[in-house]
Amino acid sequence: MLPSSSRSARVGPADGWASCRSSSTPTSEEEATQFIKQVLDGVQYLHSKRIAHFDLKPENIMLLDRNVTLPRIKLIDFGLAHKIEAGADFKNIFGTPEFVAPEIVNYEQLGLEADMWSIGVITYILLSGASPFLGDTKQETLGNISAMNYEFDEEFFSNTSELAKSFIKQLLEKDTRKRMTIQDALNHPWIKSCGHIEEDSAAPEAEKKLEQLKTKRLKEYTIQLHSSMPQNNTYANFERFAHVVEDISLMETGLSEVAGSHHTLQGDLEALLSIYNDKEAWYKEESETARKQLSQIHYEFRKVEATRRLLQEDMKAVDASLESISGKHNQRQSQLDALRQELNSEMQWLQEVMSSLHPEGANSSIHSSSLNMDVKQALKELLHQSCGGELYGVRKHCC
C-alpha cells in the first residue's frame, strides 16, 4: 500500500520543470546534465544532514525562473522526509509508486539510497520522456520495480550516450550496497561533463555530438500524468479511496488465508486433542495401578514394622529374663561353692573323727558300725538344716 504524498506544497504542472522544458527549441543532453547536477546538489545537502527526501519526482522539482535557458531549480514537498539515524531500524511504505525504490516496495530497511533510485527514474524520464517502470495498474508498476523490469528502448534512447545510460544503470541498482551514493553520482563522468558545452561553444555542431532530449514526449508524458488532476483535493481523495479499496482487497485475501490456516489448525488441534485424551486415559490407568501397588506395599510395610516392634519388645523381655536368670545362677553358684567348701571341711573332720574312733580289733566292729550310722544321721540333719532341703539330693549323692 503506497499512500499519496503530501500535496499541500505542490503547485500545478504548468509551474514545474517538465512543462517549462517543453519548448519548441530542443534541449541538449549537456543541458540535461546541468539540470540533474542541480538536483544532485540539492540532494547532497539533504544527505549531508542525514535527511532522505523519499518523494523525489518531477512534480517536486520547481524552477525558480522559467524565462532563462538553464534556470535554477529547487526541491519542494518534504512531507515524507525523514532523518536517518545510525543503527535505527526504519521501514515504511510511502511515496509515489512510479518513483519508489525496491526496498520501499519490499518493506525493507530504508536509507538515503532510496533517493538515489528516484534520481535514476527522473533522469530516465528526462532523457526519454517515458517512465521506466510505469504499468497499467499500480500493482503492475510495483511489480516492475521489484523485478527490475526496465530497458533502454531504442525508440527513446537511440541518440542517448552510453555515459548517460551508465549513470541511470548505476542508480537503478536493486542492491543498495552497489547503488551509487550522492557523491558517486556527482563524480560520475556524465555529470562532470556538464560544463564542456560552454568550453567548446565555438566548435562545429557535428563535433560536439550533442544528444537532444525528447521534449515532445516529455511534454506528452507530463500532460498525460496530470490530465486527470483537478486543482483541488478530489484527486487526493480519490487516491485515498483507491488505497482503501486496495487495503480491503488485501484484507480479504489475508482473511481467506487466515480462514484456511484456521481450518488446518483446527484439524491439528483435534488430532492433538485425541492423542491427549488417549494419553490421559493411559496415564490414569497406570496411575491407578501404581496407586494400588503403593497402597499394598504401604500395608505390608506397616505389618513388618509392627512385627519388628513386637520382636524388639520380646528381645528386651528375653534379655531381661536372661539377666535375671544369670544373676540367680551366679548366686546359686556362689552358694554351691560355699556349701562344697563347708562339706569338704566337714568330711575332713568326719574322717578324722572316724579315724580316731576306729577300733583295733574285730570285737569292736559292731560298736563301730552303729556309731557310724549315728554320725551319718547327725550329718544329714545338719545338712538339711543348712540348705533348707534344697540340695538334699546332691548331698545325699556326695555322702
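**Pairs and bridges in a predicted model**

Q: Is Glu103 buried or exposed?
A: In this predicted model, Glu103 has a relative accessibility of 2%. The cut-off for burial is under 20%, so with its 2% Glu103 counts as buried.

Q: Glu103 forms a salt bridge with which residue?
A: The closest N and O atoms of this bridge are 2.9 Å apart. Glu103 sits in helix α3 and its partner in the loop between α7 and α8 (182–186), 76 residues apart, so the pair links distant parts of the chain.

Q: How many residues apart are Lys37 and Asp41?
A: These two form a salt bridge, with 3.2 Å between the closest N and O atoms. Lys37 is partly exposed at 28% relative accessible area, and Asp41 is partly exposed at 32%. Both lie in helix α2 (residues 29–48), separated by about one helical turn, because their spacing in the helix is four residues.

Q: In the salt bridge of Glu162 and Lys165, which residue counts as buried?
A: The side chains of Glu162 and Lys165 meet at 3.7 Å, N to O, and the two are three residues apart in helix α7. Glu162 is exposed, with a relative accessible area of 55%. At 12%, under the 20% cut-off, the buried one is therefore Lys165.

Q: What is the angle between the planes of Phe54 and Phe94?
A: There are twelve aromatic pairs in the structure. Phe54 and Phe94 make one of them, a tilted pair at 5.1 Å centre to centre, with planes at 45 degrees. Phe54 is in the loop between β1 (51–52) and β2 (61–63) and Phe94 in the loop between β4 (82–83) and α3 (102–105), so the pair ties together parts 40 residues apart in sequence.

Q: Which helix holds Trp190?
A: Phe54 is buried at 4%, and Phe94 at 7%. Phe167 and Trp190 form another tilted pair, 5.2 Å centre to centre and 40 degrees between the planes. Phe167 lies in helix α7 (residues 162–171), so the pair ties together parts 23 residues apart in sequence, with Trp190 in helix α9.

Q: How many contacts beyond near neighbours does the stretch 1–15 have?
A: The protein's mean pLDDT is 78, and 70% of its residues reach 70 or more. Over residues 1–15, though, pLDDT is below 50, while the contacts beyond near neighbours in sequence number 48.

Key: Residues are numbered from 1 along each chain as its sequence is written. This is a predicted model: local features need pLDDT of at least 70, side-chain atom pairs count only at pLDDT 80 or more; totals for chains, interfaces and linings use all residues. Side-chain values use heavy atoms; hydrogens and water are left out. Rings of Phe, Tyr and Trp (its six-membered ring) pair if their centres lie within 6.5 Å; planes under 30 degrees apart count as stacked, over 60 as edge-to-face and the rest as tilted. Buried means under 20% relative accessible area, exposed over 50%, partly exposed in between (1.4 Å probe, protein chains only). pLDDT is the predictor's confidence in each residue, from 0 to 100. Contact means heavy atoms within 4.5 Å. A salt bridge is a side-chain nitrogen of Lys or Arg within 4 Å of a carboxyl oxygen of Asp or Glu.
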